[in-house]
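Student: Could you show me how to read the inside of a protein model? I'd like to start with the core and then look at the aromatic rings.

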Amino acid sequence: MSSGELLHIHPQELQFPFELRKQISCSLQLSNKTDNYVAFKVKTTNPKKYCVRPNTGIVLPRTTCDIIVTMQAQKEAPPDMQCKDKFLLQSVVAPSGATPKDITPEMFNKESGHDVEECKLRVVYVSPPRPPSPVQEGSDEESSPRASISENGHSSVPEFTAASKAFNEHAEQDGSIEARALISKITDERNSIIDQNKRLQQELELLRRSAKRGGGGIPFIYVVLVGIIGIILGFLLKRT
């Protein structure tokens, strides 16, 4: 901060986050630490490039005033990002109760005997702020058991391993019980099919014997049906 007798100026240089083809602004704060009305005026070596609002004004006693300096959009960057532009801020004691309308160029004329304070400010180009990088959700480090830490600050890997082992043993036990139950069910169904097949064969043999004794023949359709049922039962028996 520049500490003149009339105004304190902050900052001491105009920093612009330079970007091509973009209008950029920065601010200055003038602080009047005296009991006088202070008039100020801002000049620049490149008036077509910058817009200063306000470029003249009155800072009341024990108050502050903010100045906005806007740089017009630039089509190309300067060599090595160095800027030679300068600003000059002049300040002088004004009559009590003065307003911006009372400011005249003569007030800042040293040759007329006015006590004019001057502060030179340089222009600095800085890199624009980078946007924050997105955080990937579900990354390996977040989901890996090796990165998990318990509340007391110790790694929870042994606890995770023990829990995983217990879960696997429980799953194996459940799977073994289910497998035994399935095998028992299949065995019962196979035995039932074998019994049914035996009964059909016995009935068919009785029919053949009775047919021989009676001298008649077995109806053809009945033989076909019995044969189809036997084929189906044999197919089911082979699958089990």
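Tutor: In soluble globular proteins, nonpolar side chains tend to be buried together. Here the largest nonpolar core has 27 residues, and Phe 16, Phe 40, Tyr 50, Ile 67, Val 69 and Phe 87 touch the most other members. Strands supplying at least two residues each include β3 (13-17), β6 (50-53) and β9 (86-94). A second, separate core has 9 residues, among them Ile 58 and Met 107.

Student: What do "nonpolar core", "buried" and "strand" mean?

Tutor: A nonpolar core is a set of buried Ala, Val, Leu, Ile, Met, Phe, Trp, Tyr and Cys residues joined through side-chain atoms within 4.5 Å. Buried means under 20% relative accessible area, exposed over 50%, partly exposed in between (1.4 Å probe, protein chains only). Strands are DSSP runs (E, at least two residues), numbered from the N terminus. This is a predicted model, where local features need pLDDT of at least 70 and side-chain atom pairs count only at pLDDT 80 or more, while totals for chains, interfaces and linings use all residues. Residues are numbered from 1 along each chain as its sequence is written, and side-chain values use heavy atoms, leaving out hydrogens and water.

Student: How many aromatic pairs are there in the whole structure?

Tutor: A search finds 3. Rings of Phe, Tyr and Trp (its six-membered ring) pair if their centres lie within 6.5 Å; planes under 30 degrees apart count as stacked, over 60 as edge-to-face and the rest as tilted. Phe 16 and Tyr 50 have ring centres 5.9 Å apart and planes at 40°, so they are tilted. Tyr 50 and Phe 87, with centres 5.1 Å apart and planes at 70°, are edge-to-face. Ring pairs link Phe 16, Tyr 50 and Phe 87 into a cluster.

Technical notes: Helices (H or I, at least four residues) and strands (E, at least two) are DSSP runs, numbered from the N terminus.
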